[in-house]
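This briefing goes through one protein structure, topic by topic. Keep the sequence and the 3D view open while reading.

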Amino acid sequence: MQVLSIQSAVAYGHAGNSAAVFPMQRIGVEVLPVYTVNFSNHTGYGAWRGPVMDPADVAEVITGVSERGAFGTLDAVLSGYQGSEGIADVIIDAVARVKAANPKALYACDPVMGNAKSGCFVAPAIPDLLRDKVVPVADIITPNQFELGFLTGTSPDTIESTLASADAARAMGPSTVLVTSVERPDRDEGTIEMMVVSDAGAWVVTTPHLPMKANGSGDVTAALFTSHFVRTGDAADALARTASSVFGVLELTHAAGSSELRLIEAQEHYANPRMEFEPRRVR
């Protein structure tokens, strides 16, 4: 499998491509990373250094990849943190060119814009661009509950309302929606859930909710789910594998008291997930 991954990069720690690439490689995916920013560290620290890449430069890198004849062999395009508003058009153009070269290729968009606790942490124009231009051309999207609400103009909080919001997102274009953090008021204490909705049905998986901030975990989640789903076409299996792997890295990170994901230490959880969380069908 080959994936073109258009995301941020950090030198210190793990976020964007610096979180997504290694887990995909560890499960046998050939990754072609393209950077939208090249920062010293993720922005959650409140201070960082390094450039936001000019959209023209990002497009040049992607064109260079196409000139090597790679587009016809790509199985998927994955995008995450965009950095600047001009990146949206670059991604949309890249997806169109990849699909022209390989009509079976899928586009997975992680619509990174923020979360319920922090609000939006991207450039002000990016959420609207994601909603109006990028998400409609995606096959797969992987929003958290906050991002799903913004994209659809809804307020998902229960299983039923999150399903309805996911259906609204699917009506925008994507056939598969992975909601990466479902926090419903009536869930068991100390748990968190992920939900996937596809043409085949809808499933929820429940895992323990570890008391920690985990920058980059959404990037790992999007990367692994995309890889598993593209490989098998089985949304429930991809959900189970992703939940197991992500919980494994979070568990190691929490046990270590680390402020950054223990991404390398957790590699066996990607290669051989324990599959300890059984998805339950909700539709």
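In which sense do β10 and β11 pair, and over how many bridges? The two strands pair in the antiparallel sense, over two bridges. The model is predicted, and the values below were computed from it.

- Strands of a sheet pair through backbone hydrogen bonds, and the pairing can be parallel or antiparallel.

- Strand β8 (residues 176-182) pairs with strand β9 (residues 191-198) in the antiparallel sense, over four bridges. In this part of the sheet, Val177 stands opposite Val197 in β9.
- β9 and β10 also run antiparallel, and eight bridges join them. They form a hairpin, with two residues between the strands.
- Ile192 stands opposite Thr207 in β10.
- Strand β10 (residues 201-208) is mostly covered, since six of its eight residues are buried.
- On the side of β11, Val204 stands opposite Arg280.
- In a regular strand, side chains alternate between the two faces of the sheet.

**Aromatic pairs**

- A search of the whole structure finds five aromatic pairs.
- Phe22 is partly exposed, with a relative accessible area of 22%. Tyr270 counts as buried, because its relative accessibility is 1% and the cut-off for buried is under 20%.
- Phe247 and Phe277 form another edge-to-face pair, with 5.3 Å from centre to centre and 85° between the planes.
- This pair also links distant parts of the chain, 30 residues apart: Phe247 is in helix α8 (residues 235-256), and Phe277 is in the loop between α9 and β11 (280-281).
- Both Phe247 and Phe277 are buried.

**The largest pocket**

- The volume of the largest pocket is about 1,400 Å³.
- How many residues line the largest pocket, and which of them lie nearest its centre? The lining has 49 residues, and Asn115, Asn144, Ala214, Ser217 and Gly218 lie nearest the centre.
- The lining of the largest pocket divides into 21 nonpolar, 21 polar and seven charged residues.
- Asn144, one of the residues nearest the centre of the pocket, is found in the loop between β7 (140-141) and α5 (145-152).
- Asn144 counts as buried, at 12% relative accessibility.
- A polar atom of the Asn144 side chain lies 3.1 Å from the backbone nitrogen of Phe146.

**A residue with positive phi**

- Most residues other than glycine have a negative phi.
- Met275 has a positive phi, near 55°, and is a residue other than glycine.
- Met275 is found in the loop between α9 and β11.
- Is Met275 buried or partly exposed? At 33% relative accessibility, Met275 counts as partly exposed.

- Glu67 is placed in helix α2 (residues 55-67). Glu67 is exposed, with a relative accessible area of 53%.
- Glu67 and Ala108 are 41 residues apart along the chain, and their C-alpha atoms are separated by 23 Å.
- Leu250 counts as buried, at 17% relative accessibility.
- Leu250 and Phe39 are 211 residues apart along the chain, and their C-alpha atoms are separated by 23 Å.

Notes: Residues numbered from 1 in each chain as written. Predicted model: local features only at pLDDT ≥ 70, side-chain atom pairs only at ≥ 80, totals over all residues. Heavy atoms only, no water. Phe/Tyr/Trp six-rings, centres within 6.5 Å; stacked < 30°, edge-to-face > 60°. Buried < 20%, exposed > 50% of the residue type's maximum accessible area, 1.4 Å probe, protein only. 1 Å grid on protein atoms, 1.4 Å probe; cavity = no way out; pocket = protein on both sides within 12 Å on 5 of 7 lines; lining within 4 Å. Points joined across faces, edges and corners; volume = space filled by probe spheres on them. Nonpolar A, V, L, I, M, F, W, Y, C, P; charged D, E, K, R; others polar. Pairing = 2+ DSSP bridges. Polar contact = N/O pair within 3.5 Å; in protein donor to acceptor, adjacent residues only side chain to side chain.
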